[in-house]
Amino acid sequence: MLLECGFSDPVMDAELLTMTYAGFDQLLIDLRNSGSTCAMQARSHGLTGRAGMGQGRAAYARLAADDGRVPATVEVVYGHAWKAAPRKTPAGLSIVRFDPQQRMR
């Protein structure tokens, strides 16, 4: 996608980060405070129902370490690329490349 937008030499990297929390509720608080929410206006405003929260709490309880801390792992993806200055004529006009598409027959 970067190349299609005129960038060159894209470099991507990713890493996994695992944080641990004192409990499931602290994990949810951190997720909400970090802005990890759904931005759609037509969304359900609750995280899930009582049954879903119970299932989530039970799943995290199975993942808890001996000290009771629960893990949450996120993947962070980094990317950067270079974009050259737009080409211009000696008169200072920008050069715009135009490639007409072939007609469908």
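Is Tyr60 buried, partly exposed or exposed? In this predicted model, Tyr60 has a relative accessible area of 24%, so it counts as partly exposed. Let's see who its neighbours are.

**Two helices that cross**

When two helices pack, you can describe them by the angle between their axes and the distance between the axes. Here the two are helix H1, which covers residues 24-33, and helix H2, which covers residues 50-63. Their axes come within 10 Å and cross at roughly 110°. Angles from 65 to 115 degrees count as roughly perpendicular, and H1 and H2 are therefore roughly perpendicular to each other. On the H1 side, Phe24, Asp25, Leu27 and Leu28 make the contact, while H2 brings in Met53, Gly56, Arg57 and Tyr60.

**A pair of rings**

Searching the whole structure turns up one aromatic pair. Its rings are those of Phe24 and Tyr60, with centres 5.5 Å apart and planes at 45°, so the pair is tilted. The partners come from distant parts of the chain: Phe24 sits in helix H1 and Tyr60 in helix H2, 36 residues apart. As for Phe24, its relative accessible area is 11%, so it is buried.

**Over to the strands**

Now for strand S1, residues 8-21, which is where you'll find Asp9.

Strand S2 runs over residues 70-82 and holds Val76. Leaving out residues up to four places away in sequence, Val76 touches Asp13, Ala14, Glu15 and Leu17. Val76 and Asp13 are 63 residues apart along the chain, yet their C-alpha atoms are separated by 8.4 Å.

Here's how accessible the residues we've met are:

| Residue | Relative accessible area | Class |
|---|---|---|
| Phe24 | 11% | buried |
| Tyr60 | 24% | partly exposed |
| Val76 | 24% | partly exposed |
| Asp9 | 54% | exposed |

Methods
Residues numbered from 1 in each chain as written. Predicted model: local features only at pLDDT ≥ 70, side-chain atom pairs only at ≥ 80, totals over all residues. Heavy atoms only, no water. Axes fitted to C-alpha atoms, helices over the stretch in contact; angles between N-to-C directions. Helix = DSSP H or I, 4+ residues; strand = E, 2+ residues; numbered from the N terminus. Parallel < 35°, antiparallel > 145°, perpendicular 65-115°, else oblique. Contact = heavy atoms within 4.5 Å. Phe/Tyr/Trp six-rings, centres within 6.5 Å; stacked < 30°, edge-to-face > 60°. Buried < 20%, exposed > 50% of the residue type's maximum accessible area, 1.4 Å probe, protein only.
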